[in-house]
Structure formats: structure tokens, C-alpha cells
Amino acid sequence: MSGDAYAKAGVDQGAADSAVAGLVRALGAIVLGRPSRAVPLPGHYASVIRIDERTGIALSTDGVGTKLLVAEQLGRFDTVGIDCVAMNVNDVICVGAEPLAMLDYIAIERADPAVCEQIGIGLARGAELAGIEIPGGELAQLGDMVRGFDVAGACFGTVALDAIVDGSTVRPGDAVIGLPSSGLHSNGYTLARSALEGLPLDEDPEGRLGRPLGEALLEPTEIYVKPVLELLRSEVEVRGLAHITSGGLGNLNRLAADVGYEIDAPLPVPPIFELIQERAGASDEEMHEVFNMGCGFCCVVPTSDEARALELLSRPYPEARRIGHSVSSKL
């Protein structure tokens, strides 16, 4: 596999971007008959709706994606609920909001009590890690439409309108602190599965991973909520927060300030990414566009607050460090 490995594996990112643009255009034509309550945060990780003059509700929705196919291959479903929670709460925290609750949606070919219970175990564990509730959800049996199952969710939290973090206050020279990922998280699995096809999931390829391949692929997405909330509640001035998913560290460019970001000291790349790259024949550039490459979340702070921020973040993440800085123009 060479060239645009992700497209050859079955994901056309250009087409996806065009599809999203079409959706956004259509939704932008909604006629309310009243002023919009949406806070302008174009391209950000979560949306915020004003509920009064001081408070906003932050909203996000996401799913687990084709990582679920790995779970099906292994017959193990007790971790994918963690992924579902993580992909939602990690986005909500990016606007400075405290996630409060999530609803789950499970579309399944045929309701299997054992499978659903295992999914529920993961959802419950993820909720505990994020400090949220899951007061309800939906289970849809869609045998005519679905082969297997899909797990998605929608999360909401609250944020003071004057405390929204959108990146608009980032200035050139600010420090970018990277928090390590736990692995692939829940992005790029179409490419990963295509590249790794044929390798036994119950073995460690050439002893490179330190555990069976299936375990590495099912490692749950890290939930960053509690450490980031602690940072937000500290005296540190948090200027930007970025959840590193598809798009990689380029997701920093979704922050509002008209600056760029230079990453000159990236976090170590876990061996699972190197294995995928070798077998996919993917370029460094494509790998960094598709995967987190070892960095799952970034915090942007002024250099005067860098030491304090690292002191707080290195408690849960000893590998956290300054990985770069903001520059005067987008790279």
C-alpha cells in the first residue's frame, strides 16, 4: 500500500470534508424566527448554546468508528464504551466546559444481551473516569440496515460564557503542552486494520508491542477530563485546548487565533504506529494527518504559566511536556 494509504483503505477524507461542508450549509439555512443562541465557534470541538446571559451548554456527539470491528473479531466488548465516552467528553472539555452527562445510542443488528451488557460495562467505566452521568440512551435493532453494531453518544456540559476557551487569546510564543495518548484511541482504524490484515491478533508481531496486537488495538481512548478541569480551575491562564484525533496535531489550527504552531519536541511515537506505517507504506505526513502519533491532547498556555501547568499535568501524566509553541503565522 503506498501513496494515499487512507483513501486506498476506504476513507476519502476530501469527500468527507465536502460532505460536512454541505451539511453545514444546509443547517446554516435554518430559520428560527428569533436570534440564534449559538455562540460562534466555527470549526471548534464542541458547540455552545447560550441558556442565559451567563451560562452556556456545551454539546458534542461522536462514536467509536471501525474500532468496533476489532472488538467483534476478538469477541470483547467491555472497552468500547470507554471509547464512546472519551470521544465525546474530550471534545466538550476543549471549550472549557465541565462535561455533566451523556446519552448513548447503540444500533445493532440483533439485540444480544451479553454484548450489550459488556458495552454497558465500558460506558459505566468511562462515565466514572470522566465524572459524568449516563441517565439514558437508545438501543435500536436495525437488522435490515446494520451488520454487527455501532456505538455513539452525545455529551453535554456547562460553561460560563465569559470562561469559554476557544483559542482566540493564543499569542505567538505560547507554550504547547502535549499529553500522551494511550494508543490509537478511536481514529484511523480503517487504515490500521487494512495495514495489519493477516497478522494474528493474539500474538505480538516480532515482539515489537510488548503485548498481543489485539490488546494494543483495543486499548481504550484516554479520558483527559479530570486533569484538564484541574488545570482550568488553577491560576494557570489556559488559552487553548485541543483534542488530537483525526487531523493529528493539525487540530491545533482549529483554535480561533490567527497563529500557527511549531512542534519541535514531539512526544515519543508508540510502536503500534510504526508497525502500521511500515505495513501501509504511508508517508510521515499522512500518518500525522490520520493518527495522534502518541499525543492525544494539547494545552496552550503563556510561557509564564508553563512551569505551573506542567507541574499540574505531570502528576497524572509523567510524560507530559512542552512539545512546541505558537508562531506568528499559520504554517
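Q: Which residues form a nonpolar patch on the surface here?
A: Leu 23, Leu 27, Ile 30 and Leu 32, with about 420 Å² of accessible area together. A patch takes residues with over 30% relative accessible area and no salt bridge, and nonpolar side chains are joined within 5 Å. A salt bridge is a Lys or Arg side-chain nitrogen within 4 Å of an Asp or Glu carboxyl oxygen, and areas come from the Shrake-Rupley method with a 1.4 Å probe.

Q: What sort of model and numbering is this?
A: It's a predicted model, where local features need pLDDT of at least 70 and side-chain atom pairs pLDDT 80 or more, while totals for chains, interfaces and linings use all residues. Residues are numbered from 1 along each chain, and side-chain values use heavy atoms, leaving out hydrogens and water.

Q: Where's Leu 27?
A: In helix α2, residues 13–27 (helices are DSSP runs of H or I, at least four residues, numbered from the N terminus).

Q: Is Leu 196 buried or exposed?
A: Buried, because its relative accessible area is 4% (buried is under 20%, exposed over 50%, partly exposed in between). Leu 196 lies in helix α6, residues 189–196.

Q: And what is Leu 196 in contact with?
A: Leaving aside neighbours within four places in sequence, Leu 213, Leu 217, Ile 272, Leu 275, Ile 276 and Arg 279. Contact means heavy atoms within 4.5 Å.

Q: New topic: how many residues are in the largest nonpolar core?
A: It has 95 residues. Helix α4 (residues 80–92) gives the largest share, seven residues. A nonpolar core joins buried Ala, Val, Leu, Ile, Met, Phe, Trp, Tyr and Cys residues through side-chain atoms within 4.5 Å.

Key:
Patch = residues over 30% accessible without salt bridge, like charges linked within 9 Å, V, L, I, M, F, W, Y side chains within 5 Å. Helix = DSSP H or I, 4+ residues; strand = E, 2+ residues; numbered from the N terminus. Buried < 20%, exposed > 50% of the residue type's maximum accessible area, 1.4 Å probe, protein only.
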